[in-house]
Amino acid sequence: METTTDTGATTRALLACGALAGPVYVITALAQGLTRQGFDLLRHDVSLLANGPMGWIQTANFLLTGALVVACAVGVRRAAGAGRRATWGSVLVGVYGLGVLGGGVFPADPVSGFPPGTPGGVPATVSVPGTLHVVSAGLGFLALVAACFVLARGPAAPGGRGWAVCSRLCGVLFLAGFGAGISAPTSPAGVLALWAAVVIGWAWLLVLAVRTLRTERTPA
């Protein structure tokens, strides 16, 4: 009896990590974007905040929230039980978390005049850490898009037709925003699309975690 209760509490704690990850990431990133000298929300994406003297804040943001997402993935797997969708959905959420962690381990190259003193535009060559940052982000983002569809229905879905529709819609919007961002990385439209995709992705994870928390039941 005590073991079962402890197991349920652990699962809820892991899911709570997923509910916290998005707000922590977005609030921390926006606070920096509005206060860091030379940073322009219309010209610079969030990854650039890891550069410069205060870059450690965004690096810590990547590492902390990435770890929270990985913990949430474990919680989703424990709460959803057996089944192919539960397994693949939790794995895809975990891959997204690893992608966020990779964003902290491998910083993006300075571009578009940030940090101050950086030449405008995109550099002619990309560093190894910069390349690995792009690869980590790309794999993580694609995993999140797939998770939106895998966890939209089936035993692993946290309930209802409304969730299924919203989950798929989030996947489509996230993919569209990500695609627009990488196709026009220095234009205001592309940067805003990427910021929108980031917010949508974190919002989806928040709702997933909260809905799964509500449906999670500790056996009596």
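## Exercises on a predicted helical model

Asn51 sits in the loop between H1 and H2. Helices (H or I, at least four residues) are DSSP runs, numbered from the N terminus. This is a predicted model, where local features need pLDDT of at least 70, side-chain atom pairs count only at pLDDT 80 or more, and totals for chains, interfaces and linings use all residues. Residues are numbered from 1 along each chain as its sequence is written, and side-chain values use heavy atoms, with hydrogens and water left out.

**Exercise 1. Decide whether Asn51 is buried or exposed, and list what Asn51 touches.**

Step 1. Recall the cut-offs: buried means under 20% relative accessible area, exposed over 50%, partly exposed in between (1.4 Å probe, protein chains only).
Step 2. Asn51 has 10% relative accessibility, so Asn51 counts as buried.
Step 3. Look for contacts, meaning heavy atoms within 4.5 Å. Leaving out residues up to four places away in sequence, Asn51 touches Arg36, Ala108, Asp109, Pro110, Phe114 and Pro115.

**Exercise 2. Describe how H4 packs against H5.**

Step 1. Two packed helices are described by the angle between their axes and the distance between the axes. Axes are lines fitted to C-alpha atoms, for helices over the stretch in contact, and angles run from 0 to 180 degrees between N-to-C directions.
Step 2. H4 and H5 pack at about 155°, and their axes are 7 Å apart.
Step 3. Angles over 145 degrees count as roughly antiparallel, under 35 as roughly parallel, 65 to 115 as roughly perpendicular and the rest as oblique. H4 and H5 are therefore roughly antiparallel to each other.
Step 4. Residues making the contact include Phe141 and Phe149 of H4, and Phe174 and Phe178 of H5.

**Exercise 3. Locate the largest nonpolar core and its main contributor.**

Step 1. A nonpolar core is a set of buried Ala, Val, Leu, Ile, Met, Phe, Trp, Tyr and Cys residues joined through side-chain atoms within 4.5 Å.
Step 2. The largest one has 46 residues; Val69, Val93, Tyr96, Trp202, Trp204, Leu205 and Leu208 have the most contacts inside it.
Step 3. Helices H1 to H6 each give two or more residues to this core. H6 gives the most, 10 residues.
Step 4. Zoom in on Tyr96: beyond four places in sequence, Tyr96 touches Val69, Gly140, Phe141, Ala143, Leu144 and Trp202.

**Exercise 4. Judge the confidence of the model.**

Step 1. pLDDT is the predictor's confidence in each residue, from 0 to 100.
Step 2. The protein averages 88, and 91% of the residues score at least 70.
Step 3. Over residues 1–5, pLDDT stays under 50.
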